[in-house]
Amino acid sequence: MKGQLQQPVTIAANVGPYTHVINAGDWNGDGYQDVLVRTPTGKIYLWRGTRTGQLARGVSMGFGANIRAMTSIGDADADGHPDLAVITQAGNLWLYYGNGKSGRASRKLISSGWQDHSWLRAPGDFNGDKRPDLISLVGDHLLLHKGIKRGFAAPVTLATGWSDISSITSIGDFDGNHHADVIARTNDGRLVLYKGNGHATLARGATLPGSFTGTHFAV
């Protein structure tokens with residue numbers, strides 16, 4: 001149902017520990033949605049979606065070292081394969097381009113100066129210009145980085161005062177209004193929906209039913 005969460009189902013068991021769990025889209029081109037995970041030792045594995053809705057055991061992707069934050073950004077280079085946005089330990093933003101199989105085709109350095117950015121997320125086309133965008137957090141400021149031809153524009157502030165938020169995720173159009181939204185989890189375990197309007201702003205949050213203490217987002 002639009003704007004509501006269904007009961008959860010298990011798609012994999014006995015997994016982890018992982019530093020990152022990423023909704024990867026159809027990374028390997030087999031028609032099923034996949035998940036990328038990163039281990040504490042810096043290795044990334046592709047957990048492949050299957051026709052049963054379960055995830056097949058992960059296969060190594062051959063990279064993952066020196067990454068501090070990462071998120072799936074969709075098809076950033078318009079080659080038909082989903083890609084990753086990555087912040088390295090040195091504070092550089094890279095795009096890692098998927099190869100449509102179980103690895104990456106290449107990577108591109110976008111910019112430096114991302115040392116203070118956390119919560120790297122990709123909400124899709126958040127401002128309606130048909131380019132994928134990024135969201136990050138600096139201090140208690142939630143920032144939007146608009147996609148442009150050669151990377152990302154200087155950030156604009158979406159919201160402030162987010163010190164009581166423990167994490168966020170963006171799962172596309174949650175409420176069916178054709179605009180990408182953001183879901184946040186508060187420190188006390190509530191989920192709050194912030195609706196996007198296609199104009200690079202967020203509506204006031206609305207709490208979703210249920211308690212989600214102890215859960216972690218797949219970003």
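This is a predicted model: local features need pLDDT of at least 70, side-chain atom pairs count only at pLDDT 80 or more; totals for chains, interfaces and linings use all residues.
Residues are numbered from 1 along each chain as its sequence is written, and side-chain values use heavy atoms, leaving out hydrogens and water. Local features need pLDDT of at least 70 and side-chain atom pairs pLDDT 80 or more, while totals for chains, interfaces and linings use all residues.

Start with R38, in strand 2 (residues 34–38); strands are DSSP runs of E, at least two residues, numbered from the N terminus. R38 is buried and has no salt bridge. Buried means under 20% relative accessible area, exposed over 50%, and partly exposed in between (1.4 Å probe, protein chains only). A salt bridge is a side-chain nitrogen of Lys or Arg within 4 Å of a carboxyl oxygen of Asp or Glu. For R38, the nearest side chain of opposite charge is D83, 17 Å away. Show the contacts (heavy atoms within 4.5 Å): beyond four places in sequence, R38 touches residues including Y18, H20, K43 and M70.

Next, select N28, in the loop between strand 1 (20–25) and strand 2. N28 counts as buried because its relative accessible area is 18%. Among the residues N28 touches, leaving out those up to four places away in sequence, are D34, R48 and K101.

R190 is partly exposed, at 32% relative accessibility.

Finish at K149, in the loop between strand 12 (147–148) and strand 13 (151–152). K149 is exposed, with a relative accessible area of 71%.

Conventions. Helices (H or I, at least four residues) and strands (E, at least two) are DSSP runs, numbered from the N terminus. Lys and Arg count as positive and Asp and Glu as negative; His and the chain ends are not counted.
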